[in-house]
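These are my notebook entries on one structure. I record below what I looked up, entry by entry.

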Amino acid sequence: MQKFTVLTGVAAPMRTINVDTDMIIPKQYLKTIKRTGLGKGLFSEARYKDDGSENPDFVLNKPAYRNAQILVAGDNFGCGSSREHAPWALLDFGIRCVISTSFADIFYNNCFKNGVLPIKVSPEDLEKLFEDADRGSNATLTVDLEAQEIRGPDGGTISFDIDPFRKHCLLNGLDDIGLTMVKEKAIDRFETTVSTARPWL
């Protein structure tokens with residue numbers, strides 16, 4: 001998993017509340033178990049018209065936000081079903097951080113396991129971030145995970161809380177497999193000991 005340390009990028013504003021995982025990645029894209037290639041399906045029912053052409057009114061289709069790496073989102077982002085494809089699609093599109101007042105629990109947990117940083121802020125701070133994001137590519141946000149800060153284009157700073165263990169995993173790029181591999185030498189020693197003591201196994 002890619003490490004998350006400091007991210008500076010354009011933030012796209014999505015004020016819609018209760019964005020569910022089916023809106024993030026519709027069901028027709030769930031046939032794959034690969035984590036790549038899902039970016040094309042991200043918000044596809046809102047990004048594209050019925051004829052397959054782009055919807056120019058959708059935020060990620062606007063020139064200023066096509067390369068957004070941060071999403072400033074309305075309340076209760078990622079609700080609905082537990083599909084892990086939702087953070088996969090965000091990451092494949094290029095979004096590494098989602099900021100909102102609240103997230104559905106399963107989506108929130110899945111983000112950390114896949115290298116996407118979900119940040120919870122107060123409604124007042126979210127409104128400030130929406131105002132920054134509304135300025136398009138003329139203004140960027142910096143998300144500093146080590147310092148637990150979001151820095152705006154005009155020098156303003158918003159602090160956020162995060163579980164220390166999840167912070168450690170993101171800073172070091174450790175998903176569930178990576179956490180296991182950290183203990184590889186201890187696992188190898190145990191297996192050698194068991195093989196010697198119980199050669200019939």
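I began at the end of helix 6, where G173 follows with a positive phi near 65°. Helices here are DSSP runs of H or I with at least four residues, strands are runs of E with at least two, and both are numbered from the N terminus. I note that the model is predicted, so local features need pLDDT of at least 70 and side-chain atom pairs 80 or more, while totals for chains, interfaces and linings use all residues. Residues are numbered from 1 along each chain as its sequence is written, and side-chain values use heavy atoms, without hydrogens or water.

At the start of helix 6, I found a side-chain oxygen of D163 within 3.1 Å of the backbone nitrogen of F165. Within helix 6 (residues 164-172), I listed K167, C169, L170 and L171 as buried, that is, under 20% relative accessible area with a 1.4 Å probe, protein chains only.

Next I looked up D144, which lies in strand 6 (residues 141-144). D144 counts as buried because its relative accessibility is 13%. Its side chain reaches the backbone nitrogen of E146 at 3.2 Å. Leaving out residues up to four places away in sequence, D144 touches T5, V6, E149, R151 and F160; contact means heavy atoms within 4.5 Å.

Last, I turned to helix 3 (residues 85-93) and helix 4 (residues 105-113). I recorded that the axes of helix 3 and helix 4 come within 8 Å and cross at roughly 50°. In this pairing, A86, P87 and L90 of helix 3 meet F107, N110 and C111 of helix 4.

Notes
Axes are lines fitted to C-alpha atoms, for helices over the stretch in contact, and angles run from 0 to 180 degrees between N-to-C directions. Buried means under 20% relative accessible area, exposed over 50%, partly exposed in between (1.4 Å probe, protein chains only). A polar contact is a pair of N or O atoms within 3.5 Å; within protein, one must be able to donate a hydrogen and the other to accept it, and residues adjacent in sequence count only if both atoms are side-chain atoms.
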